[in-house]
Structure formats: C-alpha cells, structure tokens
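Please look at the charged and aromatic side chains of the protein shown here, and at how they contact one another.

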Amino acid sequence: MILRRFVQVYYYADAQTTHTTFPSGLEVLTFPNKQIEKHHPNGTKEIIFPDHTVKHLYPDGREESVFPDGTAIFFRNGEKTVEFSNGQREIHTSQYKRREYPDGTVKTVYSNGRQETKYSSGRVRIKDKEGKIILDKK
C-alpha cells in the first residue's frame, strides 16, 4: 500500500483567509491584509506582518522580532533585549534597564531609581533616585 500525502489548501471565504497544510506538517495561513503565519510542526510560529516585521514565537516561551529598519527585540527568561540598527543595545530586567553604546559607554537605571553611567574613558557617574550626583569618578 502506498500512502501519498498532498498539500491541502482551504480557503475561508468569510474571513478571506487561505490555510495551506504541507506534507511536512507546516501550516501556512495567509490573511487578506497580507499577514502570513507559519506554524511549524515543532511548535514554532513565524508571523510576517504587512510592514515586513518578522516575529518568531518558540514553544519554550522565547520571542524574537526583527523590524524593517534592522531593530531586533528578544524576549528570553523574563529579560528583554533590544538591538538597534545604530549599534546600541538595551537590556530590560526586573532589576534594571541598561543601555550600551557602540563607544563602550553603559548607562544603567536600577529599579530603585539609582542611575549609573560608565564611560568608555573609565569615568563613572552615579546619581541617586532624585537625580543628584553622588559619585563622579574621573
């Protein structure tokens, strides 16, 4: 007995949506606004938005989004990382938000409001939650 698997295509007229299932188990949904969703057999979902933003959703809870300008956002283990096309990076955790600059400068704002800036020159400046400088080491 030969078992053949075929591509199945369903069109939902009311929603104007096409649902295509491939022999590999990949399912592709195409919406009238040009959004495309790919549901992979391993549980990964890929969403391509009309503006060409691409989002990946993984079964372990991770998320990744890449925007047309090159900016990328990653969610992993409760931490958010934003990588900007200009080389800057921003990291958000429950304890702090940190911005890293291409020249090596790192600015961190802690959840208690304290701010710390470490410059590539070695200078360190710390401000309290009111914004008053409490340390400026050059």
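The questions below take up salt bridges, ring pairs and charges over rings.

This is a predicted model, in which local features need pLDDT of at least 70 and side-chain atom pairs count only at pLDDT 80 or more, while totals for chains, interfaces and linings use all residues. Residues are numbered from 1 along each chain as its sequence is written, and side-chain values use heavy atoms, with hydrogens and water left out.

Q: How many salt bridges does a search of the whole structure find?
A: A salt bridge is taken here as a side-chain nitrogen of Lys or Arg within 4 Å of a carboxyl oxygen of Asp or Glu. Searching the whole structure with this rule gives a count of 10.

Q: Which residues are linked with Asp60 and Arg62 in a network of salt bridges?
A: The side chains of Arg62 and Asp60 meet in a salt bridge, with 2.9 Å from N to O. On the scale used (buried under 20% relative accessible area, exposed over 50%, partly exposed in between, with a 1.4 Å probe and protein chains only), Asp60 is exposed at 56%, whereas Arg62 is partly exposed at 27%. The network that holds Asp60 and Arg62 also includes Glu64 and Arg76.

Q: Why is the pair of Tyr96 and Tyr110 given its class?
A: Rings of Phe, Tyr and Trp (its six-membered ring) pair if their centres lie within 6.5 Å, and planes under 30 degrees apart count as stacked, over 60 as edge-to-face and the rest as tilted. The count by this rule comes to 1 aromatic pair. Because the centres of Tyr96 and Tyr110 are 6.3 Å apart and their planes stand at 65 degrees, the pair is edge-to-face.

Q: Which residue has its charged end over the ring of Tyr96?
A: A charge sits over a ring if NZ of Lys or CZ of Arg is within 6 Å of the ring centre and within 35 degrees of the ring normal. Arg62 lies over the face of Tyr58 in this way, at 4.2 Å from the ring centre. Over the ring of Tyr96, which is buried, the charged end sits 4.4 Å from the centre and belongs to Arg98.
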